[in-house]
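Hi everyone, thanks for coming. Let's take a few minutes to walk through one structure together, beginning with the surroundings of its ligand.

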Amino acid sequence: MAKQKIVVVGAGYAGVAATKFMAKKLKKDDVEITLIDRHSYHTMMTELHEVAGGRVEPEAVQYDLQRLFARKKNVSLVTDTVIGIDKEKKIVKTKLGKYPFDQLIIGMGGEPNDFGTPGVKEHGFTLWSMEDAIKIRKHIEDTVAKAALEPDEATRRAMLTFVVCGSGFTGIEMIGELMEWKNVLAKEHKLRPEEFTLMVVEALPTILNMLDRKDAEKAERFMMKKGIQLKKGAPITEVTADHIVLKDGSQIPTNTLIWTAGVKGTTDAADFGLEAARGQRLYANEFMQAKGYEDKDIYIVGDLVYYEENDDGKPTPQIVQAAEQTAHTAAANIVAKIKNTQKHEFKSNYQGFMVSIGSKWGVANLMDKVHMAGFMAIVMKHIVNLKYFFDMRSGYYMFQYMMHEFFHIKNDRNVTRGHSSRYGNVLWSVPLRVFYGSMWLVEASKKVVGDGSYLNPSSWFGSGSWFTDKVVFPFPWLQEQVTTGASAAGSHAAEATTAATGAAGGATDATATAATHFGFNYTFGENPMPVFEKMPNWFAKIMEFMMPNKDVALFMQKFMTFVEIGIALALIFGLFTWLANAATIGLVVAFCLSGMFYWVNIWFIPVAFALMNGSGRALGLDRWVIPWIQRTAGRWWYGTPRSIYGKDSSN
Ligand SMILES: Cc1cc2nc3c(=O)[nH]c(=O)nc-3n(C[C@H](O)[C@H](O)[C@H](O)COP(=O)(O)OP(=O)(O)OC[C@H]3O[C@@H](n4cnc5c(N)ncnc54)[C@H](O)[C@@H]3O)c2cc1C
């Protein structure tokens with residue numbers, strides 16, 4: 001078979017899922033997959049309300065396609081807008097070029113449906129793209145700033161009235177963000193939060209109609225408690241610049257109407273000459289093949305496809321799970337055709353729904369079995385989002401997601417109520433960093449010098465030093481070897497029990513038999529208590545595997561000393577401080593488990609955690625080294641993310 005050209009249009013949830021699937025399954029086949037999108041990034045649409053509502057910056061929900069498909073040799077990326085399809089000649093036409101295909105997947109998504117309501121296009125806002133989200137955010141910031149200067153109370157209140165039309169995921173999540181943002185904006189502009197009005201207007205008599213009724217009712221109660229007004233059974237009939245009109249003729253003064261009441265198939269695909277169903281969605285069969293063009297290998301997926309699984313007048317829902325599952329069906333059928341295997345029919349498997357109302361509260365329904373409300377539902381939403389990156393095999397964006405959602409959020413707008421994202425000046429931790437590093441240096445030096453004098457190098461490496469032929473680790477199998485194994489080291493078992501890192505240094509032969517005392521500081525005359533008197537068996541097995549005999553143990557004790565010196569210098573000079581502190585935690589835990597560490601020194605662990613706060617970025621080398629590594633490694637692995645504009649690839 002000649003090289004197969006697969007073109008995927010749209011890098012939304014559906015297009016990305018299909019491309020990932022085919023890139024993996026066809027790794028060894030002679031194929032070229034071209035993924036075309038008007039953006040150079042994939043947008044996490046389900047979190048767009050966070051951008052519109054001023055919680056996160058746009059880059060938090062934009063994922064560069066170049067990073068998502070890094071090192072996928074059979075995938076080419078094109079940043080271009082598709083304007084037509086020649087179904088007979090099998091060519092995709094873009095603004096800048098033409099792309100012949102053997103197989104085509106169209107996953108161009110949807111767009112807001114205003115059902116012809118007058119004024120929505122001219123005066124309303126929609127939330128269905130990054131551009132929409134940024135526009136809403138800017139409008140709200142500007143409107144609140146103007147309202148703060150408006151002396152007339154009625155006009156000011158109208159300006160501070162924000163109405164969302166529609167109570168699906170998009171509408172409820174949007175109003176949830178405004179609920180939190182309102183307080184921040186009020187404070188910034190010296191306004192009273194009570195002057196703001198937040199309202200959801202819904203044409204149907206109930207809200208969140210894709211949810212179980214009990215879950216929806218909980219959400220409704222929560223919103224009422226938070227002062228959000230709900231107008232149900234109230235279709236909007238007109239939108240103007242300064243008010244909206246409801247079906248009963250009443251008017252609500254507002255400058256901000258966010259329309260989230262419906263989704264239809266994208267207008268960009270309306271002229272492709274493919275058979276359209278309700279809401280501009282394009283018909284496909286159970287294999288996701290475009291109706292009437294089954295022999296042309298054209299597939300429709302995601303929000304754009306119209307496929308009734310049960311012939312009941314209900315098409316696949318316009319949700320992420322359906323987008324991914326229709327995409328997998330199409331992609332699996334392309335793979336089947338290329339590999340000459342059996343075709344796959346679409347079979348839905350929806351795992352549930354999650355809706356957030358602000359950053360700390362939500363409702364979730366998992367597999368119609370587990371129902372959650374509140375904090376746990378939000379935790380579940382984060383887990384599902386993190387799993388999305390795991391499924392896409394993108395450790396980079398999993399990390400970025402955590403940074404944006406947990407560690408870099410402002411105004412306490414996250415599930416930890418800001419506890420994980422408190423900004424402070426790391427300068428104040430520099431003295432502790434230098435002290436902690438110096439302490440490791442002193443302790444490591446003791447292991448080099450032993451009982452000798454620091455000032456006299458010729459006396460180093462004597463008794464007490466870790467650089468002799470005496471094993472310092474108190475592990476029984478090493479002691480046995482020492483006593484039975486000819487070496488004079490046999491008499492050093494007791495010494496060994498005290499030979500841990502400098503931390504353990506207090507106990508002596510004289511005190512070894514006295515009762516040990518628990519405490520977090522050393523009281524004169526007391527025999528401090530070790531964290532573990534005896535190594536746990538499982539740990540002993542690991543240690544025995546790592547240090548089976550005296551030779552290895554002697555090497556390890558010298559090696560450990562160098563590691564400690566390395567950690568000490570890294571901490572003092574602020575180089576790789578996160579790693580160095582993580583390593584000290586690992587070391588201390590290992591010393592504890594070895595029976596070589598005392599409660600009085602347990603503070604090593606919390607101090608190391610405290611210093612993982614970027615302390616090397618103030619008066620430390622990490623300030624320059626870490627950004628340089630990030631830049632260089634990023635360029636090497638991913639290249640420099642940029643738009644790869646379309647070109648004529650028909651030749
Ligand atoms: C605020 C918000 C919250 C949501 N919350 C949820 C939720 O909680 N759970 C849930 O399941 N769903 C939710 N959804 C719906 C969900 O986002 C969609 O169902 C999903 O994005 C559909 O995926 P898709 O791949 O079909 O289309 P999209 O994700 O819309 O992707 C379409 C892609 O096609 C590209 N494209 C379009 N036209 C062209 C063209 N002419 N040329 C080139 N490229 C083009 C676009 O740039 C885009 O990248 C939410 C949506 C929004 C907006």
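A quick definition to start: helices (H or I, at least four residues) and strands (E, at least two) are DSSP runs, numbered from the N terminus. This is a predicted model, where local features need pLDDT of at least 70 and side-chain atom pairs count only at pLDDT 80 or more, while totals for chains, interfaces and linings use all residues. Residues are numbered from 1 along each chain as its sequence is written, and side-chain values use heavy atoms, with hydrogens and water left out.

So, which element gives the largest share of the shell around the ligand? It is α7, with three residues. In total, 29 residues surround the ligand, where being near means having a heavy atom within 4 Å. The closest are A14, D37, D268, D303 and V320.

Now look at the polar contacts, which here are pairs of N or O atoms within 3.5 Å; within protein, one must be able to donate a hydrogen and the other to accept it, and residues adjacent in sequence count only if both atoms are side-chain atoms. The side chain of D37 has an N or O atom 2.6 Å from a ligand oxygen. For D303, a backbone N or O atom lies 2.8 Å from an oxygen of the ligand, and for Y13 the backbone distance to a ligand oxygen is 3.0 Å.

Finally, please find helix α19, because we define helices as DSSP runs. I629 is found there.
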